[in-house]
Amino acid sequence: MKLLDSAILVLDKLRPDDWQRTLLWAAVVGVCGALATLAFRQALLGAEHLLYGVDGLVRAAERLAWWERLLVPAAGGALAGAVLVAARRLGEQQRHGDYMEAVVLGTGDLPLRDSLLRALSSACSVVSGGAIGREGPMVQLAALAGSSLARLRGLPVPRRRLLVACGAAAGLATAYNAPVAGALFIAEIVLQSLATETLAPLLIAAVMAKVTLAVLTGWQPLYPMPESGALSASAVLLCAVLGIVAGLLAPAYLWVLDMAKSAFRGWRAGLPLKLAAGGLAVGLLSIASPQVWGNGFSVVTSLLHEQWAWQALLLVLVLKVAAVAATTGSGAVGGVFTPTLFVGAVTGALFGLGVEHVAPGALPGASATAISMGAFLAAATHAPLTSVLMIFEMTENYAVVAPLMLACVLAFSISRLLRPSSIYASSQRARAAAQPRLQVAADLLRTDSITVHPGQSMQALEALFLGSRWRHVYVVDERGLFAGAIALHDLAAILRTSHDPAAAWPAHLLQPLYPRLRDDQPLWEVLDVFEGHPGERLPVLAGDGRLLGHVAKTDLVLMLRDRLAIS
């Protein structure tokens, strides 16, 4: 009997609990999210090559005649708008303008058809030269992978939300080759929580996405930089000035984007016409500078390795901001993360040229470009830690980390003083307003409860405990009415003595006063019951006493964290 008792304890310790299973599913979501992101990226590259015969939107724009450069973005915008109209008519369109509003919905369910149609609309805008980031649909598709897996597993709402967030972290990690920053971005900006229960699954999902990306495409950084040593003390001080400049300019950049959105919102026209007008604006701007096409990746890469004339930098900066405002303001589906990096990079390149003119050699141009990218990102997103990690992971250049931290903190502090809301403030407010409030125990219900009936054998009861990590099983009668619970501790005491495994379990094992919840019980009362109960789960009963399932304490904590984060 002692050997059997020891075996029960060993198996109980080796069997994964809810938290460990969540981490395992986070890893699965990370792989699936990376595959979804890579598939969308390859689809875009294939469409661009098919349409233009070259790789890269800037190269494509340079090869087109001026009138083609003018009309292609307009045609793509009209097609993108038509896809969004079709999505609305199909009845599944929901009001979440970018992926952040879709990461943590009230139930954690992302509609499949709507997400795919929005990705298709974004592809139309991107492939036709729209000045918008590709990361939006990439992250939404990765989040959709998390939502679909959680729905198939029948997970409760808080766990479903967490896996959706894991998918989003995997999408960002894949899009920018930055697993730590991708996880931290979702935790800091979207979930607004750095608790271990949140951050650990996000990190695992992001790392698995990174591994998947490395296996399929290699380990190279997104923005490789020229070799450089540590910056001098004077260069670090110049980076502080650069941070101040970014903090002053970022609010103006956000104001331009807001004005464009307000202008298009006030125009009573259909989505195809609005997006076509935004595309036409991009086409007009691209006649003067083809570099306004796309998200700006190729231009940023060039700035890190080549020196541009200040006139060319100033021109592309002004025109790119106008193109981004026209594209995002018209309602195109996509992200603003990469365009924001572009604006920061050009700002840093201009700053570096100015320093080079006054004090030659004081600040390398590539370092100024990379540090300004992070500082501008911190100023726009109000997330300095995420920005530091993002630039470090994208460049894999540790020499810029110390001055980057200084520039990011200064940029964030000044920007928040001038403009309290970040570039994602509207998305966060919309998400908070759209989320239905979970109010009763039924909202957190799990239906995979372990139950036993009166009259079942000791052997069957022992098998139930061996097959789970539960320390209590629920007792229900033939009508499904809840009678109480049996504790593993009490059963183990009998197993140590001589007993008949085929005999029915003794009635004295039943705890008829075991705490329970009503399905309509308010969550604040659920919290009170858990405070007096040391276990992880509590049974949930219907009004007639039938056992409906159970609520897990971890799910309650996750849900309360979400409520506090958006309050």
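Predicted model: local features only at pLDDT ≥ 70, side-chain atom pairs only at ≥ 80, totals over all residues.
Residues are numbered from 1 along each chain as its sequence is written, and side-chain values use heavy atoms, with hydrogens and water left out.

Let's start with the whole protein. It has 23 helices and 6 strands; these are DSSP runs numbered from the N terminus, with helices being H or I of at least four residues and strands E of at least two. Of the 567 residues, 56% are buried, meaning under 20% relative accessible area with a 1.4 Å probe, protein chains only. Among contacts with a separation of 6 or more, 77% link residues 24 or more positions apart; a contact is heavy atoms within 4.5 Å.

Pairing here requires at least two bridges found by DSSP. Strands 4 and 5 run parallel, joined by 2 bridges, while strand 5 (residues 537-541) and strand 6 run antiparallel with 5 bridges.

Look at Leu541 in strand 5: Arg518 stands opposite it, and so does Leu547 in strand 6. Further along, Leu538 has Val551 of strand 6 as its bridge partner. Strands 5 and 6 make a hairpin with 5 residues between them, and Gly545 in the turn has a positive phi of about 95°.

So is strand 5 enclosed or open? It is largely enclosed by the rest of the structure, because 5 of its 5 residues are buried. Arg537, Pro539 and Leu541 point one way, Leu538 and Val540 the other.

Finally, the second largest pocket, with about 780 Å³ of space. A pocket is an open set of points on a 1 Å grid over the protein atoms alone, where a 1.4 Å probe fits, with protein on both sides within 12 Å along at least five of seven lines; lining residues have an atom within 4 Å of a point. The volume is the space filled by probe spheres set on the points, which are joined across faces, edges and corners. Its lining has 32 residues, with Arg41, Leu45, Arg134, Leu222 and Phe297 nearest the centre. Helix 2 gives the largest share, 5 residues.

How values were computed:
Buried < 20%, exposed > 50% of the residue type's maximum accessible area, 1.4 Å probe, protein only.
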